[in-house]
Amino acid sequence: MDLYRIDEKDTVAVAIKPLRQGESYALGEKTVTVLQDIPAGHKVALKDMKKGERIIKYGAPIGEAAEDIPVGEWIHTHNVISHADDQREFTYDFDRENVIMPGSSHLTFRGYKRKSGEVGTRNYIVIMSGVFCSNSHIKKIAAMAEQRFPKTEHFDGFLPLTHECGCGQAGQDIVNVKKILAGLLQNPNFGGILFMEVGCEITKLDTVMPYMEKELDMERFKTFTMQEEDDEIELAMEYLEALYQRVNQDRREECPVSGLHIATNCGGSDGFSGLTGNKLVGSMAERICAAGGTVTLTEITEMFGAEQFLMNKAIDEATFEKIKELIRRHKAYIEKYGESANGNPSFGNKQGGITTIEDKSLGCVQKSGRNAIVDVVFYGDRVQKKGLNLVQGPGSDLVGVTSQIVAGANMVVFSTGRGTPVAFAAPTLKVATNHRIFEKKQGWMDFSAGSLIDGKDLGELTDEFVELVLRTASGEYRSSNERTGFYEIGILRDGVIL
């Protein structure tokens, strides 16, 4: 196969391999003669298009022709205009027959049952603070703890979760920080928590607690104020030893998939992302939600141009209205700083064949599969309903995935075409969109979806991938970020530094 047409309405096809100028390529009964060299993952025109005509991919517009475009022409940033920043009117047209509703099953995994009723896929001890001033201490203490208190069958290690916030902030900006910290304190993967206050920050623990939805399990929580102690490192080690002893008493138990909450995300995307990696993630999401589990989708910037596709899957009109509000809020956030949504596709995205934000978005939302959307979760809030939820977060991977972990995710599935070493504060399965990057960056990857282009059956590949997801959730498989020991968080900034 040389060309791939996603939808019968599409006016472009994707180059599966590099296409050469002057050569002809078959697409069904049609033959296309290419007018210039076209890289793999990029688009070729399937028909003559006039200037101003809409260019269709995934059955929807990805922009308009900036000039007359003949059949066989390379379609990319030089001849496409985005309309992502245009104001749109949305309608609600829920087609119950063509969406998958949340369900239940006997599917299980082995997890850690928490006092809150939630389930952890891991048993970490987290070291964190409300302010960046303690970052160096946190890293040093975590390194010391790793030497003194090794991982065991029942303990998955220390996570030093540092950030750059907690001082010189005001208004919604500091509220965001407090909500993110509160959400992290509640994540079921964190079997023990050491919260280190400096003593003069505006994010002291008592200012974070009002944003908690559940009570802390105080047997698993330690805190102190560094300015009040003679030797904060010695005290930290004493507290970590106590947490270590407690956490090592935990044991995995058989849990229904309703206890599984998977964050989905894509980064370093390319022209194959919507065809392979995100398509596989969407198929996995269908299986998990149909079995009673929860899947979240974020990257709101990367929904611009694909909003109607998502809105038509809203389970009721109230959810449809919440999606509209989600899009409105995030667009207002971008416009407040004088920016355009079409600034989102990165240099690497464009090299990989993504042309506009609409092009990227229509590929991005494939991760939702055919699932009905049951709810919308705004930034810093927690998921309340089983099934597919939209979570407010930007296209920035670290900030967006952190917002999903705050919402309750106990695992991450992340697809990438260009490859990215980014790591998150949860076990993260990385799915390559193509065999080339999977083979080249073995240390970054866990699974390849590239065989979908080779003709592999989506159902068969989904079977394999869901098995890996459940093995990972049960601790039988260690994901790429766990093998390297890389964990990070990011917090959305929305204001000045005072």
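The structure holds eleven aromatic pairs, where rings of Phe, Tyr and Trp (its six-membered ring) pair if their centres lie within 6.5 Å, with planes under 30 degrees apart counted as stacked, over 60 as edge-to-face and the rest as tilted. The rings of Phe155 and Phe158 have centres 5.1 Å apart and planes at 75°, so this pair is edge-to-face. Phe155 is buried at a relative accessible area of 1%, and Phe158 is buried at 3%; buried means under 20%, exposed over 50% and partly exposed in between (1.4 Å probe, protein chains only). Tyr333 and Tyr337 are also edge-to-face, because their ring centres lie 5.7 Å apart with planes at 75°. Tyr337 is partly exposed, at 42% relative accessibility. Phe149, Phe155, Phe158 and Tyr244 form one aromatic cluster.

The model is predicted: local features need pLDDT of at least 70 and side-chain atom pairs pLDDT 80 or more, while totals for chains, interfaces and linings use all residues. Residues are numbered from 1 along each chain as its sequence is written, and side-chain values use heavy atoms, without hydrogens and water.

Charged side chains also meet rings. Arg329 lies over the face of Phe378, at 3.9 Å from the ring centre, and Lys430 lies over that of Phe414, at 5.9 Å; the criterion is NZ of Lys or CZ of Arg within 6 Å of the ring centre and within 35 degrees of the ring normal.

Among the residues lining the largest pocket, the closest to its centre include Tyr58, Phe309 and Lys313.

Notes: On a 1 Å grid over the protein atoms alone, a cavity is a set of points where a 1.4 Å probe fits but cannot get out, and a pocket is an open set with protein on both sides within 12 Å along at least five of seven lines; lining residues have an atom within 4 Å of a point.
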